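Here are some notes for a colleague who is opening this structure for the first time. Please keep the sequence and the 3D view at hand while reading the points below.

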Amino acid sequence: MFHKVLIANRGEIAVRIIRALRELGIKSVAVYSEADKDSLHAKLADEAICIGPASPVESYLNMERIISATISSGAEAIHPGFGFLSENAKFVEMCEKCNIKVIGPSSDVIRKMGNKSEARNTMTEANIPVVPGSDHIIYDVDEAHEFADKIGYPVIIKAALGGGGKGMRIAVNSREFEERFETARLESENAFADDGMYIEKYIVNPRHIEFQIMADSYGNVVHLGERDCTIQRNHQKMLEESPSSAISPEMRKVMGETAVRAAKAAHYENAGTIEFLLDKDNKFYFMEMNTRIQVEHPVTEMVTGTDLIKEQIFVAQGQELSFTQDDIKISGHAIECRINAENPDKNFMPCPGVINEIHIPGGNDIRVDTAIYNGYQVPANYDSMILKLIVHDQNRYCAIHKMQSALGELVIDGIDTNIDFLYGILDDQEYKNGDITTDYIKNYIKKRCEK
Ligand code: MV4
């Protein structure tokens, strides 16, 4: 059993992890940058260690400093949260060599799933449906062009080390293919120091459906249903819900069992997510596997009555999963809104600053995950997400109304936020009907301007 765990993260997820550790009687060690000296995670943890300047590369991405802080504090494990080093195979490998347990899968699994082309092949071999596409990494533009002509347009060109939209381009015909390929390749080279690419048939107007899975070190794998993360802007999710209005109980069973098989094919351990694209004909395809806990994990917790962070800790300690597949029942409906310090009327420009008044809504099944407080200065150096508002109710209709009520009560003064923008989405008939695809926000903004 762990006695002390270091949290290699900041903000609301660091606070979320500290609370889980405290409930389990495990001591917590926060690390913080100079910009975060007054941050809630540094105040709430049992110990806090400054690891460097505001710039992420010098602090939250600084592997040596984080490992030094772990060793000097006597922590046996690191929880990486999401973002930062959470999917960095090299970091996890360094920890493995130092006998520090990183709460998550092994460096080998992270590396294998981090290469999206290799992940595709792993899934093909396991008979998981993948979008028709190339079966190896392509470096040569002529080879790529020939393959695209063969499978037919539109195609999507993706960086092997990509994900989240970086190094990704769509080509709708053969004439524009080579230019798009070279642009994607250059972007990939700059972002990942790698120009390996792969090609898939482009699925037009899909939905993004992801399955939460949990796996222990004894080969037990359980899925906890899906999250519908279709509502995104520039690959940044804004609102997530579970269950999805597009998934019937029969589909959930098939997709859930597929997700479990995918995790088993990857020899997965700990919390993970299998991302699927769902097309117009309700056909689903494996897209990527995320090897971390995700921002939107609370919606799954609320419909399944689980604590995924505690479960991650149990599994990392070598315990068996605390539930079986039969124990997992999806109950009611949960929605999460991501509240960002940004201005939707200025192209969602981030707007850090001082919070001079905050009112947090309350009530039945309303959850707020945040690290902000009265007088807190939102630093400019990090992600603009400052609060997650999650509600749970007996069905989607009630959950939408509960979210509107809670958003209406939420006050964050001193900075601009997307609170009113989110309220507008919940008022939109297309959203209410569950009539959404990945370009929902783009269309919603257009509609909003015309009003
Ligand atoms: C796709 C796709 C359509 N067809 N792949 C976006 C980020 C990266 N994870 C993969 N992405 C996509 N891959 C094929 N074969 C459409 C997207 C996509 C998308 C996916 C989920 C949610 C929002 C999206 C927005 C634009 C494109």
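Which are the buried residues of helix 12?

1. In this predicted model, the buried residues of helix 12 are Arg-396, Ala-399, Ile-400, Lys-402, Met-403, Gln-404, Ala-406 and Leu-407. They pack against several elements, namely strand 11 (236-242), strand 14 (333-340), strand 19 (366-370) and strand 21 (385-393), together with helix 13 (419-427) and helix 14 (429-433).

2. At the start of helix 12, the backbone nitrogen of Tyr-397 has a side-chain oxygen of Asn-395 within 3.2 Å.

3. Helix 13, one of the partners of helix 12, also packs with helix 15 (residues 440-450), at an angle of about 95° and with the axes 12 Å apart, so that the two helices are roughly perpendicular to each other. From helix 13, Phe-421, Gly-424 and Ile-425 meet Tyr-440, Ile-441, Tyr-444, Ile-445 and Arg-448 of helix 15; by class, this contact has six nonpolar, one polar and one charged residues.

4. Elsewhere in the chain, Ala-45 lies in the loop between helix 2 (40-44) and strand 3 (47-52). Is Ala-45 buried or exposed? Its relative accessibility is 10%, and since buried means under 20%, Ala-45 counts as buried.

5. Leaving aside residues up to four places away in sequence, Ala-45 touches Ile-18, Arg-22, Ser-28, Val-29 and Ala-30. Of these, Arg-22 is 23 residues apart from Ala-45 along the chain, with 8.8 Å separating their C-alpha atoms.

Technical notes: Residues numbered from 1 in each chain as written. Predicted model: local features only at pLDDT ≥ 70, side-chain atom pairs only at ≥ 80, totals over all residues. Heavy atoms only, no water. Helix = DSSP H or I, 4+ residues; strand = E, 2+ residues; numbered from the N terminus. Buried < 20%, exposed > 50% of the residue type's maximum accessible area, 1.4 Å probe, protein only. Contact = heavy atoms within 4.5 Å. Polar contact = N/O pair within 3.5 Å; in protein donor to acceptor, adjacent residues only side chain to side chain. Axes fitted to C-alpha atoms, helices over the stretch in contact; angles between N-to-C directions. Parallel < 35°, antiparallel > 145°, perpendicular 65-115°, else oblique. Nonpolar A, V, L, I, M, F, W, Y, C, P; charged D, E, K, R; others polar.
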